[in-house]
Amino acid sequence: MPEIGHHGLATGVREIDADTEALSFLMSRIFDPLVECRRGEGNCDHCQCTRIDAVLRYVRRSFARQEDLMASAAYPGETAHRVDHAALVEQLKAMQAARVCADHDRILVREAVNRWLAAHHGGYDRPLANWTVTRRILSPGS
Ligand SMILES: [Fe+2]
């Protein structure tokens, strides 16, 4: 699967696009071949992968921001959107439970996140952005 850059995933609403851009940046840094695993040099016990942990910490924060927005704006698609956020969290947690190493299995982890991000963008973030703009809750651009 080709690398997903944030440029193709813009909604035009800064508050939403900033989180997608940050996740794309984080993914590129975490999986940069020159960035070594913190548990390198044979000390890894293959549990609680730190790279997956970093992605989980970030997405939980960004999901919380979007979910606060949806709740405060009474967004009608909130429940389904939250379920899709939770699906990525559960997928990453399942990878950790299965002792997936994002160092050795980096393609697997990257593709899972990129695939989720591409589907989530079109199915959830873009409709949320459109709704917030048409209801004048958020402004496009800036
Ligand atoms: Fe979302």
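**Grounds for the description**

Q: What makes the meeting of α3 and α4 a contact, and which residues take part?
A: His81, Asp84, Leu88, Gln91 and Met95 of α3 meet Val109, Ala112, Trp116, His120, Gly123, Tyr124 and Leu128 of α4. Two residues are in contact if their C-beta atoms, placed from the backbone, lie within 7 Å. By class, this contact has 7 nonpolar, 4 polar and 1 charged residues; Ala, Val, Leu, Ile, Met, Phe, Trp, Tyr, Cys and Pro count as nonpolar, Asp, Glu, Lys and Arg as charged, and the others, Gly among them, as polar.

Q: On what basis is the model read, and how are residues numbered?
A: The model is predicted: local features need pLDDT of at least 70 and side-chain atom pairs count only at pLDDT 80 or more, while totals for chains, interfaces and linings use all residues. Numbering starts from 1 along each chain as its sequence is written.

Q: Why are α3 and α4 called roughly antiparallel?
A: Their axes, lines fitted to C-alpha atoms over the stretch in contact, come within 10 Å and cross at roughly 175 degrees. Angles run from 0 to 180 degrees between N-to-C directions, and those over 145 count as roughly antiparallel. The two helices are therefore roughly antiparallel to each other.

Q: What is the arrangement of α1 and α4?
A: The axes of α1 (residues 14-30) and α4 (residues 106-134) come within 11 Å and cross at roughly 175 degrees. That makes α1 roughly antiparallel to α4. Among the residues in contact are Ile16, Thr20, Leu23 and Met27 of α1.

Q: How many helices and strands does the chain have, and what counts as each?
A: The chain has 4 helices and 0 strands. Helices (H or I, at least four residues) and strands (E, at least two) are DSSP runs, numbered from the N terminus.

Q: What makes the largest group of nonpolar residues a core?
A: A nonpolar core is a set of buried Ala, Val, Leu, Ile, Met, Phe, Trp, Tyr and Cys residues joined through C-beta atoms within 7 Å. Buried means that 20 or more other C-beta atoms lie within 10 Å of a residue's own. The largest such core has 16 residues, and those with the most contacts inside it include Ile52, Val55 and Val109. A second, separate core of 5 residues includes Val13, Ile16, Met70 and Ala129.

Conventions: Angles under 35 degrees count as roughly parallel, over 145 as roughly antiparallel, 65 to 115 as roughly perpendicular and the rest as oblique. A residue is buried if 20 or more other C-beta atoms lie within 10 Å of its own, exposed if 12 or fewer, and partly exposed in between; C-beta atoms are placed from the backbone.
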